[in-house]
Each structure stands twice: as structure tokens, then as C-alpha cells.
Amino acid sequence: MFEHLNAQPADPILGLLTACNQDNNPNKVDLGVGVYKDDLGHTPILQCVKTAEIFRTENEMSKVYIGPAGDSGFNTQMTKLIFGEHNIIEQNRSRTISTPGGTGALRVAAEFIKSCKNDARIWVSNPTWANHQSLFSSVGIKVEAYPYYDYENKSLDFDGMMTTLSQVSAGDVVLLHACCHNPSGMDLTQEQWQQVTALAKDKGFTPLIDMAYQGFGQGLEQDAFGPRLMANELPELLLCSSCSKNFGLYRERIGAFTIVAKSSSSADISLSVALSVVRSIYSMPPAHGAALVNIILSSDELKQQWYNELAVMRDRIAHNRHLLVEKLITNGVKQDFSFITRQSGMFSFLGITPEQVVSLTNDYSIYMVDSSRISIAGISHNNIDYLAKSISEVIK
Ligand code: LMR
């Protein structure tokens, strides 16, 4: 039966990891996958995670099944981290479950949406994370796009976004990035969040917020502005979060899926649907990453250490944005790249042509997504001169 299979191309993002690993050029620069790197190019385990792991090894008593909702302590801590002291918690309107990474949360969300409304459509920003499209279409949800990034002006096409979203009907879902928009780095301002929230209220569509980078943009609280506002103003909301980046727990695969419902009883019913979805796809989530996050967020000392370590990552990325723009200028680049300093989080588009991206990869061993999305965390004091010089040569 396998003879009818067609080989699939490598994933446009993850494939870059393999390509870069196989490249022997000592000057190679990896700006591909969205993974935090320090100035030496390493992705170290956070100190707070190390301490939590020692604690867990010494105190874990059993490896018995944990259940489809995962770790209840983690679920409570994540709800607090995302929503703060929010009235949805007081009103008992939210339910959070642990999931295998942010992608697992999105998959559960997709199946959940399908259970709510078999012909629901999901509207995603143009552009969006490359995996969103296949993730939703693989469960039979029609994916539509709304304008988002203005490639020419390197800014947000907010008017285009609002015009398209004003046609979206009740029962459809609109996917929004909470912060650090992947791939453009262009986020909504607080005022724009207010306008999108008012539109959702008026039209009756349900937001699904993808929050993979809380703390990597402006800060933990600021990055949660949109989700908190929407939870306040709207009857229903779905949110997928990830601990891959902000806790550096990439391979532990830990994230969360949160449902905010109209009432506590509706939240209970919705949770039961999400749990039956989980049972039929992976039965229950991995426990280790959730336990570590719970240990960290339950300890004042470890939480403070995590805040500090997160701030170091955030500040380094922000610094790299300025460094790249400065070095491009010193290398004689006339084109204006200052938009990179006005964007936020792990990614920006360089805005160069696909041929120039190919040339950077083939001739200079500089790896980035075809769209010219670069992972800003991959820039370091060791590679910045080579990087800026190579870009200047390719675009001149
Ligand atoms: C990325 O966009 O590079 C990250 O979210 C990693 C991934 O899984 O694609």
C-alpha cells in the first residue's frame, strides 16, 4: 500500500535546521528556526529550569498516568501567567489543559472548533506561521487569510485587516498572534487590539489567540494585553500558549490550551469536549515540562530568577535588532532597514528577494526562511560583521 505515497518536501522552517547542521562552512549563520541563542550561539537550559529539574528528580514519587488535562498545578499557573488577576478566574469561566507544546494546543483547538461548528472557517493573518495553514486544513477547517503585513511599507496593514475582518461572520474563528508576530515581528498596538475586540463583539466571530512568545516582546504583562482585553470584553475566546521559548523547554513539548466560555457551566461542557479530543489524539500530554513550569511559578525565588533570565533573552533580541541595522549602515547599505528596530520578538522579514535569500544560503551559508524571515536571536557579536557584509554584497 505504501507505493501510492508521494514524498513530501522538508518543512520550510524545520528543514533549515538539517541543512545548516550539514553545512561545514565555519562562518555559517543560522537565522532559521525560532530558537533563542545566546551570544555564543548556544541555547542553554535556563538556571531556574535546572534547579526545578533537581527538585523534581528528588521529589517525584510516581510515573502513573496523569490524565488528558495534564498537570492541574501547571494549568492553574498558566492561567494566572496569561490572564493575571483577571475576573474570568473569579467568575470561573476559563479552563486550561496542558498540551504537547503550542502546536499540540493548536491541534486540540482545531479539533475543538470542528466540534463546535463543522463548517467553521478560520481566518489567519497574511502572512502567518507556516504551520498554521496545514494544521487547520488537516482537520478539514477552511483557512482564509486577512491582510496583515504591508511588505512595501514594512508596516501593519491595519485598514486592510479591519476591512476583511468586518466581513467575517459569527461562528467563524479569527487567529491572532498575542505578541511577537511570527513571521513579521509587527504587533498590534493597544488601541488596535481595542478596535479588533470591538469588531469581534460586533460581528460575533471567536478569536483564537496564538501566544507562543509571551515575555519575548515588551514584557510578560504587556505581551498579554490583547488576550486580557478580549477575555474581559468577549463572551468566548480560545488561546494556545507555549513554554518552548519563554522557558526554553523546546524539546519537552509543553504548552497549554485555554477556553474562556460565557459561563462556568459552558466552560465545563467545553472542557469535556476538549478532553475527549485529547483522548482520541494523544490520550494525555507529557508531564515533565509542565512539572518544571509549575515548580518555577510556584516558588517566589525561582519565579524571580525566571523573570531575570527571560529579561536577558528579551533584551538581547532587542539589542540585536539595533546592532543589525547599525552594521548594515556601516557596511554601506543605503536601503532603509530601520523598520527592524520598530518590530518585536524573535522575527522580522529582511524584505529581500527569494533569489537574494538563495544567494545568501548558497554563497554565504546564511540560513533563513525563503520569505526572508530571520530569527533575530541567531545574530551574535561573532557573526554580525560577516552577516551585515554578506547582506550588503547580495543586495547591492
Ligand atoms: C518557528 O517559527 O521557527 C518556530 O515556531 C519553530 C517551529 O516549530 O516552526
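User: What does "buried area" stand for when we talk about two domains?

Analyst: Buried area is the accessible area that two parts lose on being put together, summed over both. In this predicted model, domain 1 and domain 2 bury about 2300 Å² between them, and carbon and sulfur atoms give 66% of that.

User: Which residues make up the two domains?

Analyst: The domain assignment puts 11–44 + 302–395 in domain 1 and 65–298 in domain 2. Their C-alpha centres lie 27 Å apart.

User: What makes residues of domain 1 and domain 2 count as being in contact, and how many do?

Analyst: Heavy atoms have to come within 4.5 Å. By that rule, 24 residues of domain 1 are in contact with 29 residues of domain 2.

User: How many salt bridges and polar contacts go across?

Analyst: For salt bridges the count is zero. Polar contacts do turn up: nine residue pairs, both partners at pLDDT 80 or more. On the domain 1 side, helix H12 (300–330) and strand S11 (347–349) are the elements that give two or more residues. H12 has the largest share, with eight residues. By class, that side holds 14 nonpolar, seven polar and three charged residues.

User: How many aromatic pairs are there in the whole structure?

Analyst: The search finds 11. One of them is Tyr 149 with Phe 349.

User: Why is the pair of Tyr 149 and Phe 349 called tilted?

Analyst: The centres are 5.4 Å apart, within the 6.5 Å limit, so the rings pair. Tyr 149 sits in strand S5 and Phe 349 in strand S11, 200 residues apart in the chain.

Notes
Residues are numbered from 1 along each chain as its sequence is written. This is a predicted model: local features need pLDDT of at least 70, side-chain atom pairs count only at pLDDT 80 or more; totals for chains, interfaces and linings use all residues. Side-chain values use heavy atoms; hydrogens and water are left out. Domain bounds come from an automatic or database domain assignment. Buried area is the accessible area (1.4 Å probe) that two parts lose on being put together, summed over both. A salt bridge is a side-chain nitrogen of Lys or Arg within 4 Å of a carboxyl oxygen of Asp or Glu. A polar contact is a pair of N or O atoms within 3.5 Å; within protein, one must be able to donate a hydrogen and the other to accept it, and residues adjacent in sequence count only if both atoms are side-chain atoms. Helices (H or I, at least four residues) and strands (E, at least two) are DSSP runs, numbered from the N terminus. Ala, Val, Leu, Ile, Met, Phe, Trp, Tyr, Cys and Pro count as nonpolar, Asp, Glu, Lys and Arg as charged, and the others, Gly among them, as polar. Rings of Phe, Tyr and Trp (its six-membered ring) pair if their centres lie within 6.5 Å; planes under 30 degrees apart count as stacked, over 60 as edge-to-face and the rest as tilted.
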